[in-house]
Amino acid sequence: MSQAIHLIQLAGSDQSFPCADNDTLLRAALRSGIAFPYECNVGSCGNCKFELLEGVMSSCWPEAPGLSDKDRARNRGLGCQSKPSGPLQIKLRTSEKYAPQHRPVRTMASFVSSKSITHDLSEFKFETAVPVAFLSGQYALVQMAGIAGPRAYSMSNVGLINGHHQAGHWMEFQVRRVPGGQGSAHLFDQLAPGDQVEIDGPYGMAYLREDVERDILCVAGGSGLAPMVSIARGAFNSPKMSARKMHFIYGARTLQDVCGLDMLQTLPNWSSRGNYQAVISGEPEETPLPNGYLRGFAHDTVAQTFGETLQQMEIYFAGPALMGQSLLKTLIDLKVPMDQVHFDQFY
Ligand SMILES: Cc1cc2nc3c(=O)[nH]c(=O)nc-3n(C[C@H](O)[C@H](O)[C@H](O)COP(=O)(O)OP(=O)(O)OC[C@H]3O[C@@H](n4cnc5c(N)ncnc54)[C@H](O)[C@@H]3O)c2cc1C
Ligand code: FES
């Protein structure tokens, strides 16, 4: 089927970009290098709101939680859910920090294999039809046959080789089986090797900063393991970062949820530069924990272990919203400069 391309004009500026009628305004803008603010890309956070001034558009997901009734009444839309039906004029405040380092591309990808990490977390490997360049810590959108809307998954493999950002054909995702979740059920129960999905990426601002001369703290919870493992793999393979130390904290609910250390231990010089700490929040007091494990929440461990020395660290985190909010509050209370803190919330 042929695609119509429409011109999207940013009001009050000389910026415009083309958007296909089967693309969304946010993703098309980023493909053109325009710094359209966003975070989740899946209709949940509301960071990609804009105002429609002229033209007609439709929404991929009219009930998306990122948009309120008040927004709808004010002619606002979500960039990640809005598709043009013709040329549009929109009001949007761009912000340079959202300018893509690698412009996102859409490609078909073939499912290669999966392997289990824990009882509810597995790694899924895909081969993309065209090479996709990404930075460690970024995510992609995966559109599966018969599922409404794409799902965002962070890459767990490395986005750079020998310090150069290279485009590769592989993408690995570590996905948690969500009870009642359609996307995760499809990945876990229905995909067979050779099955095709559409992948669109890379997206996300919580990528590894290789030029920063600070030690690194990674905090992961649940499937937040994926981007933190990618950050670790990137950092330990980057010649620019050979003097950096890494502290890696994994917050798990129960003992059977603990994971990640085996992936980190294979990294070059992990034993001299890396340190892994598991923190368990949901085991009863009477259950003994293995040597070295801590009881509690990841954010409390971060505060107790590092205190104000966090102000000298580059901090990355990913995982459940509650963990993210608690950790962010801890970092703010400890006066950590926010430009040293990088995260994309999982919705
Ligand atoms: C930036 C980011 C990175 C993420 N990285 C990971 C990761 O590495 N590993 C991981 O396991 N999870 C990750 N997630 C969460 C993941 O994207 C899914 O939300 C989660 O796996 C549940 O999906 P599900 O299909 O199983 O559940 P469902 O309940 O079926 O779907 C939940 C999600 O699907 C989307 N959705 C639902 N209905 C529609 C619709 N009609 N149209 C469009 N969209 C719809 C919404 O975003 C919703 O949050 C990430 C999320 C974000 C935002
Ligand atoms: S709602 Fe569009 S980026 Fe989150």
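**A proline and its strand**

Tutor: Let's start with Pro-202, which lies in strand β13 (residues 196–203). Helices (H or I, at least four residues) and strands (E, at least two) are DSSP runs, numbered from the N terminus. This is a predicted model, where local features need pLDDT of at least 70, side-chain atom pairs count only at pLDDT 80 or more, and totals for chains, interfaces and linings use all residues. Residues are numbered from 1 along each chain as its sequence is written, chains are lettered from A and ligands numbered from 1 in the order in which they are written, and side-chain values use heavy atoms, with hydrogens and water left out.

Student: Is the peptide bond from Gly-201 to Pro-202 cis or trans?
Tutor: The bond is cis, with omega near 10 degrees. Most peptide bonds are trans, and most residues other than glycine have a negative phi.

Student: What about Asn-41, positive or negative phi?
Tutor: Positive, about 75 degrees, although Asn-41 is not a glycine. Asn-41 sits in the loop between α1 (25–31) and β3.

Student: New topic. Which domains are there?
Tutor: Domain 1 (5–91), domain 2 (105–203) and domain 3 (215–343). The bounds come from an automatic or database domain assignment.

Student: How far apart are the C-alpha centres of domain 2 and domain 3?
Tutor: Those centres lie 23 Å apart. In the contact (heavy atoms within 4.5 Å), each of the two sends in 18 residues.

Student: How much area do domain 2 and domain 3 bury between them?
Tutor: About 1,400 Å², with 61% of it on carbon and sulfur atoms. Buried area is the accessible area (1.4 Å probe) that two parts lose on being put together, summed over both.

Student: Which three residues of domain 2 supply more of that than any other three?
Tutor: His-119, Ser-156 and Gln-174, with 31% of the area that domain 2 buries against domain 3.

Student: How many salt bridges between domain 2 and domain 3?
Tutor: The count is 0. A salt bridge is a side-chain nitrogen of Lys or Arg within 4 Å of a carboxyl oxygen of Asp or Glu.

Student: And how many does the structure hold?
Tutor: It holds 14 salt bridges. One of them joins Asp-71 and Lys-49, whose closest N and O atoms are 3.0 Å apart. Asp-71 is in helix α2 (residues 69–73) and Lys-49 in strand β3 (residues 49–54), so the pair ties together parts 22 residues apart in sequence.

Student: Last one. Which residues come nearest to ligand 1?
Tutor: Of the 23 residues around ligand 1 (a heavy atom within 4 Å), the nearest are Arg-151, Ala-152, Gly-183, Ser-184 and Tyr-347. A polar side-chain atom of Arg-151 lies 2.5 Å from an oxygen atom of ligand 1.

How values were computed
A polar contact is a pair of N or O atoms within 3.5 Å; within protein, one must be able to donate a hydrogen and the other to accept it, and residues adjacent in sequence count only if both atoms are side-chain atoms.
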